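Please read the points below with the model open beside you.

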Amino acid sequence: MFGLFSNKKEAGDPVSPEWAQQIHETQDRWFTFLQKLEERVEALCLAAIPELKAMRSSTDSIYEANIGQVWSGIRGQINQVQEKARETEEQKIRPFYRQLKNAGVNYAVALQFIETCSERYRRFEDSCHSWQDQLEAATKQDHEALYQKILEEHEQVKNQFSCQQCGAPIYLEKIYFTTSYLQCPACRTQNTYEPSTLAKSLNWIARDLAEERTAHLLDAYRKDAGQDADLYRHYLRSMFDEWNRIVPDMAASNEKFYQRQLDDFNRSV
Amino acid sequence: MFKKFLNNILGNDADQQKQQEPVVNPFQQQAARHDNEADDDDNDDDNVPVQGTQYQFDPHTQHGTHYTKDAFDAAANRHYEEMLANQDEALSENEKRNLKREAVTQLYLQWNGHNYDQLVQFEMANSLELTGYATQGFNQVKEEGNPLYEPIHGISLYDYAGIAHAMAQGVPEETILKAIGIEKAVWEEVNILWPERMKEDASFGIMTKYGEYFATAGQHPKLAHLKSGAAATAEGNPNLEQLKTDRYFYEELCGARTAAYEYGLDGAQWILENFGINLSDFQAVAMDWMTAQNQQFNSSEIQHYMDYQLQKQKEYSEKFAKEQGGNIADDIAF
Amino acid sequence: MEEKKAQSFLEKLKAKAQAQEKYGGPVTEKEASIGTRTCPNCGAGRAKDDGLTHCAYCGFEFLQVTLTDGLHIKKEDNSRENQ
């Protein structure tokens, strides 16, 4: 690899005007091509993001399949654009570079060409990734809002039920997220309480919510370039504490998972 | 809940993936890496048998039958100790485990004639010991006496896979629970607690076993007779039979499903509508192909099928693109 | 021009999603509810004290399993026939 730089061509055999022009043209076409692709992706995403946000907020439903499908279709289009760029790079840029090398064109110039093209390609890829991230953010469920809805619903329904046998009130002392057997305090009859679809989602969002609420602690660990293992341990403990606060019924189970996560981490440092 | 449940089975739910922290199959990468290495191998072990020598392998341990496992383990340990002594810095447990794996790998290749596919198979058969992770199709999981595999409210992991299979087939929940003999309150706890067990299990043994069970879940004695609702029934569907026996057809439908999702369709539904195969049966067949592939590991064959799937995905993409009036950048040319 | 194209593409995508039936059928969201189950065999009510698995009066099997320690359901919820 390093031997290449001692190549006498590096010092610079002059590049013929024909080659110089071809290099210039190919690079130009590559830049224009990628820019057009970027603009197309941008136009699609600029239209899609408010649309996805609107779809998310217009519905009260927790599982909205159409959003997922539309999002998936847009992601698919970006993939298609990326594939097009990849193919073009493989079929036009790389072969031209090989041609330059084979023709013995000044190595530094050839290298400059491929590096400039690669750098532009990386920027294109970055831009696609950034749009994908923004699409994801637009599609994402607002866990805090959903959690608030669950709390509000609980306030509304907790005094609303009565024993199906004797009519005595059955008070919900916590948010149940699975169908549960509740005993009537008056006649001991066992009632079966089935939570709403909304309440059942509590256990699914609890970890996301806990992670979002403690994300700053994970950031602190990462900002430190992962040097201070205790920062990670602190994050992990806080995240699980938060998680347990949201779903206390899962605490016993969560602690086992915590222990596993901690062990995994300790083995890596 | 059902969507979530399907996603669990499909493994395409980001949240669930995060919860289970799935590992990428480390062996496929391994194989690729070795393939590259093989090109510029500077032959530091000239006294080893040449590649292509026919060795016999123990079907269980995948060790060559021309030596004993004890001899191998002893030699591997010596090799590892030497490598460890050459380390400048203190190693984490994971790094030590990787070093040990490297020592075992090097020795295995030396003793068994540089057969990289055979190495992958050996690593899969012994993955629990080498990497700490179980691999599907190698019977590494011992359920007996392991509290992680105790039934939850009387529902074993096999039952759980059976219920999941029936649900994804479209059999109504009520019908399934009645056949199993439990009520909703019991099921909803079971359906939370089995995944919790999986999260607890650092070896991924439960997930591996679950996958193995899922492949045969259609024959669960209490559930096999249930008829699915919306989803087409398994019997008598020639497409399903072909999916089981024709690897190319299987790869084609995998590619088609991916393409369908990329074009904004519900891929599972699309397969059901066009081929009458429900997601549950599809995934069970997928498990069987994966197991077979693991047990008879052949990297060039795997590559061949991957390429085929990709090619089919492309063909279906073109079809879907046509239906929607093209892709957004079709008119942009270099 | 570009914007219009993107918008119409998006509309088509939405229409396509809307038109396709979903695997497993539409998701129906339900309100919370409460109910009781009486023994289909003898008509007796179920008291939690008697255990969840069997009818305290005629022994009818409500649950064909042995309960373990779960979230809310515990080992103690097995009826005596199960223990």
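1. Strand S4 (residues 190-194) of chain A and strand S1 (33-35) of chain C run antiparallel and are joined by 3 bridges. Two strands count as paired if DSSP finds at least two bridges between them. Within this pair, A:Tyr193 stands opposite C:Ile34. Helices (H or I, at least four residues) and strands (E, at least two) are DSSP runs numbered from the N terminus.

2. This is a predicted model, in which local features need pLDDT of at least 70 and side-chain atom pairs count only at pLDDT 80 or more, while totals for chains, interfaces and linings use all residues. Residues are numbered from 1 along each chain as its sequence is written, and chains are lettered from A and ligands numbered from 1 in the order in which they are written.

3. How many residues of chain C are in contact with chain A? There are 30, and they touch 34 residues of chain A; a contact means that two C-beta atoms, placed from the backbone, lie within 7 Å. On the chain C side, the elements giving two or more residues are helix H1 (2-19) and strand S1 (33-35). H1(C) gives the most, with 10 residues. By type, the chain C side has 12 nonpolar, 7 polar and 11 charged residues. Here Ala, Val, Leu, Ile, Met, Phe, Trp, Tyr, Cys and Pro count as nonpolar, Asp, Glu, Lys and Arg as charged, and the others, Gly among them, as polar.

4. Chain C has 1 helix and 1 strand. Its radius of gyration is 25 Å, well over the 12 Å that the globule rule gives for 83 residues, so chain C is more spread out than a compact globule. The radius is taken over C-alpha atoms, and the rule is 2.2 Å times the number of residues to the power 0.38. Along the principal axes, the C-alpha atoms of chain C fill a box of roughly 75 × 30 × 20 Å. Buried residues make up 28% of the 83 residues in chain C. A residue is buried if 20 or more other C-beta atoms lie within 10 Å of its own, exposed if 12 or fewer, and partly exposed in between, with C-beta atoms placed from the backbone.

5. Chain C also touches chain B, in a contact that takes 26 residues from chain B and 22 residues from chain C. Helix H1 (2-10), helix H10 (184-200) and helix H14 (267-275) of chain B each give two or more residues to the chain B side. The largest share, 5 residues, comes from H10(B). The chain B side divides into 15 nonpolar, 7 polar and 4 charged residues.

6. Is helix H6 (residues 116-125) of chain B largely enclosed or exposed? In H6(B), 7 of the 10 residues are buried, so the helix is largely enclosed by the rest of the structure. Among them are B:Leu119, B:Phe122 and B:Met124.

7. The lowest mean among its elements is 38, in helix H2 (residues 14-20), and the highest is 97, in helix H13 (residues 247-262). Over residues 1-50 of chain B, pLDDT stays under 50. Where pLDDT is low, the predicted coordinates should not be read in detail.

8. Chain A averages a pLDDT of 92, with 94% of the residues scoring at least 70. Over residues 1-10 of chain A, pLDDT stays under 50.

Definitions and conventions: pLDDT = per-residue confidence, 0-100.
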